[in-house]
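Student: I am new to this one. Please show me the structure, and then let us go through it by question and answer.

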Amino acid sequence: MHSSLEAVGLTAVFAEALAQAGLSCNVVAGFHHDHLFVPHADAPRALAALEQLTR
């Protein structure tokens with residue numbers, strides 16, 4: 001999804017969801033989007049944690 005540079009706290013929401021799931025990530029912020037890097041083996045758990053944000 002595209003996000004605005006004025007959208008303060010978006011990265012914090014993702015980081016909190018992953019932290020609550022016991023996962024760490026590295027974030028690379030881009031102009032129109034961010035990248036969240038997690039260990040490959042943790043990808044299914046990370047996706048599940050992030051999908052919970054949509055509910």
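Student: How many helices and strands are there in the protein chain?

Tutor: This is a predicted model, where local features need pLDDT of at least 70, side-chain atom pairs count only at pLDDT 80 or more, and totals for chains, interfaces and linings use all residues. Residues are numbered from 1 along each chain as its sequence is written, and side-chain values use heavy atoms, with hydrogens and water left out. Helices are DSSP runs of H or I with at least four residues, strands are runs of E with at least two, and both are numbered from the N terminus. From that end the order is α-β-β-α. The count is 2 helices and 2 strands.

Student: Which residues meet in a salt bridge?

Tutor: A salt bridge needs a side-chain nitrogen of Lys or Arg within 4 Å of a carboxyl oxygen of Asp or Glu. A search of the whole structure gives 1. At 3.6 Å, N to O, the pair is arginine 45 and aspartate 42.

Student: Is arginine 45 buried, partly exposed or exposed?

Tutor: Buried means under 20% relative accessible area, exposed means over 50%, and partly exposed lies in between (1.4 Å probe, protein chains only). Arginine 45 has 43% relative accessibility, so the class is partly exposed.

Student: What share of the 55 residues of the protein chain counts as buried?

Tutor: The under 20% cut-off for buried applies here too. Of the 55 residues, the buried share is 11%.

Student: What share of the contacts with a separation of 6 or more comes from residues 24 or more positions apart?

Tutor: Contact means heavy atoms within 4.5 Å. For residues 24 or more positions apart, the share of contacts with a separation of 6 or more is 40%.
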